[in-house]
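Colleague: I have a new model open and would like to learn how to read it. Could you take me through a few features, one at a time?

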Amino acid sequence: MMALPGLGTPRLASPDLLRSVFRRHAAGVAVITAAQGERPVGFTATSLNSVAAEPPLVSFGIGTASSSWPVVSQAEHIGVHILGEHQSELAATFARSGADRFAPPTTWHSGPEGVPVIDGVLAWLVCRVVARVPAGDHCIVIAEAVAGDPDGAGRPLVYHQGRFHTLGD
């Protein structure tokens, strides 16, 4: 491929190219939770999006090879937690494969619809799943907010260049 003026040489699309491009995209950090009986699951997500205000819809992606997928694939309700800048360790725990994500020091309680709600986050929602859309090796989950709390204190945690960051002024 030919170099473009001021832009460098384009590369052919690949998983590595997509990862490299999105490392440059700063994203808010959320934890998604669900439960199947007494078994809570959760994972860190940077793919959370507001879809619509009426009805209040959100979306996120989850890998179908994820340990959380079997529960999320069947869950009627999920929890969405916006993490604060003080919660990089919590984000790392929920991103780590094989971690006991709900063990101390994680504090949580059973919220509306029996969804695990993590304590101390900036904001949280419990949402009813309305659609699951296959997307490559992931699934896009679309869910409607049914309850929540936007009143946590602090500033958001951000993910950029493969690391968690805080916002500057």
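This is a predicted model: local features need pLDDT of at least 70, side-chain atom pairs count only at pLDDT 80 or more; totals for chains, interfaces and linings use all residues.

Colleague: Is Val21 buried, partly exposed or exposed?

Modeller: Val21 has a relative accessible area of 46%.

Colleague: Now the strands, please. What is the strand order in the open sheet?

Modeller: The open sheet has three strands in the order S1-S11-S12, and the pairing is antiparallel. Strand S1 (27-28) and strand S12 (163-166) are the edge strands, as each pairs on one side only.

Colleague: How many bridges join S11 to S12?

Modeller: Four bridges join strand S11 (residues 157-160) to S12, and the two run antiparallel. For one example, look at Tyr159: its bridge partner in S12 is Phe164.

Colleague: And how many disulfides are there?

Modeller: A disulfide is a covalent bond between the sulfur atoms of two cysteines. Here the count is zero. For Cys127, the nearest cysteine sulfur is that of Cys139, 15 Å away. A disulfide needs the two sulfur atoms within 2.5 Å, so Cys127 is in no disulfide. Cys139 is in no disulfide either.

Colleague: Are Cys127 and Cys139 buried or exposed?

Modeller: Cys127 is buried, because its relative accessible area is 0% and the cut-off for buried is under 20%. Cys139 is also buried, at 4%.

Note on methods: Residues are numbered from 1 along each chain as its sequence is written. Side-chain values use heavy atoms; hydrogens and water are left out. Buried means under 20% relative accessible area, exposed over 50%, partly exposed in between (1.4 Å probe, protein chains only). Two strands pair if DSSP finds at least two bridges between them.
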